[in-house]
Amino acid sequence: MEKCVIHIVSNKAWGGGEQYVYDLARRQLADGYHVLAVCRPVEAVVSRFRALGVLAGTLPLRGMADLQSACRLASMLRKIQGFCLVHVHNFKDAFTAAYARRLAGRPDVRLVMTRHLVRPGKTSPPYRWLYRQLDAVVFVSDLARTEFYSTRPALPMGCTAVIRPAVVVPDGVEPADLRGRYGIPLSDLIAMYHGRLDPEKGLDPLLEAMATLHGRPLQLLLVGRGSDAYTAQLKQKAQALGIADRIHFAGFQSEVLPYVAAADFGVLPSTVREACPLSPQEYMSQGVPLVATDNGGQREYLRHGENSLLVPPADPTALAEAMGRLADDADLRRRLGRQARADFDSTLAYDHFYCAMRSLYQSLKY
């Protein structure tokens, strides 16, 4: 095997991190890499990688003290000839990979980790040891790297890189018929949120903002899945605010871009700092303007008044004002949408991400 990469994926469900690995693995396969995925024995995850054509093995992947997984991964590494790189996506799996490399007697195996979170780096002795084992750490935003270094962890800055993740956009996305599907009249605009239905996503302030906008020809589509309890809570809140007839719960959609393309504008009101949310990029890719909070990695590519409108988190008044501006001004929607699409094409398209990641891999080849 001339080029082999092993991705370790230890989450118990399919989410954004798994999609990141899936898209990267697909491009690497097309680029001539031999790609393996090591996952927990979770059918929803393993089956997706196997359907892609990636050989997906399973390990317990229980974290720092899991020597069983390390020994079995070491056995895999001993069988691989030529350049091999293990790419992990959290520090717990990095311990497993570092142990396995030592047990296999393969110091030539390269170890890369992508940091997907906005959290301070740990400074305990086990982590100081681990940092010395990593050949490269990829942060998904400047914010993620800055926050990590806020505790002065012993990870050399020279082995880090910021490579912003990206979404894969197929050619010729056809807008969905949202009006026909949800009974929205032509006279009303469609605002849309997509993602998890979770309190940290700012959905309560979003409903409060919609109540403030009562009287405007505007309806809101919520695309995504959450717990039954929280979904019921949102529906009850919409009823209490008197806006239930203008809120549509669309559930999870496996193909979300047709929904995005059919919306008049997007709303992404997360109240937590996300390292690099991909939902804004999906609106940008379709030339759809959006309102977003300014508290996460999205502010590194969203510019207020140029390709989006940015508001503080958990501020229903500011959110309603921004949504009202877009609802009232078709020229503003067109201008922001055009610039968003241009910015996506020039700096955020998947080729930019993949070329940067491939260059990082090649720089580590012995």
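Which residues are buried in α12? In this predicted model, the buried members of the helix are P316, A318, L319, A320, A322, M323, G324, L326 and A327. Helix α12 runs over residues 316-328 and contains 13 residues. From its first C-alpha to its last, α12 reaches 18 Å, close to the 18 Å expected at 1.5 Å a residue.

This helix belongs to a protein with 14 helices and 13 strands. The C-alpha trace spans about 70 × 40 × 40 Å along the principal axes of the protein. For 366 residues, a compact globule would have a radius of gyration near 21 Å, and the value of 22 Å for the protein agrees with this. Buried residues account for 53% of the 366 residues.

The surface and the charges may be considered next. The accessible surface of the protein amounts to about 15,800 Å², and carbon and sulfur atoms contribute 50% of that area. The protein carries 44 positive and 36 negative side chains, with the centres of the two sets 9 Å apart.

R132 is part of helix α5, which covers residues 125-133. Its relative accessibility is 59%, and R132 therefore counts as exposed, the cut-off being over 50%. Between R132 and N307 there are 175 residues in sequence and 41 Å in space, taken from C-alpha to C-alpha. K235 lies in helix α9, residues 228-241. Because its relative accessible area is 41%, K235 is classed as partly exposed. K235 is 120 residues from R115 in sequence, and the C-alpha atoms of this pair are 35 Å apart.

L61 is not a glycine, yet it has a positive phi of about 50°. L61 is placed in the loop between β3 (55-58) and α3 (67-79). Is L61 buried or exposed? With a relative accessible area of 1%, L61 is buried, since buried means under 20%. R152, likewise not a glycine, has a positive phi of about 55°. The loop that holds R152 lies between α6 (142-148) and β7 (160-162). R152 has a relative accessibility of 76% and so counts as exposed. Thus L61 is a buried loop residue with a positive phi, whereas R152 is an exposed one.

Key:
Residues are numbered from 1 along each chain as its sequence is written. This is a predicted model: local features need pLDDT of at least 70, side-chain atom pairs count only at pLDDT 80 or more; totals for chains, interfaces and linings use all residues. Side-chain values use heavy atoms; hydrogens and water are left out. Helices (H or I, at least four residues) and strands (E, at least two) are DSSP runs, numbered from the N terminus. The radius of gyration is taken over C-alpha atoms; the globule rule is 2.2 Å times the number of residues to the power 0.38. Buried means under 20% relative accessible area, exposed over 50%, partly exposed in between (1.4 Å probe, protein chains only). Accessible areas come from the Shrake-Rupley method with a 1.4 Å probe; for residues, only the protein chains shown count as cover. Lys and Arg count as positive and Asp and Glu as negative; His and the chain ends are not counted. The place of a charge is taken as NZ of Lys, CZ of Arg, CG of Asp or CD of Glu. The expected span of a helix is 1.5 Å times one less than its number of residues.
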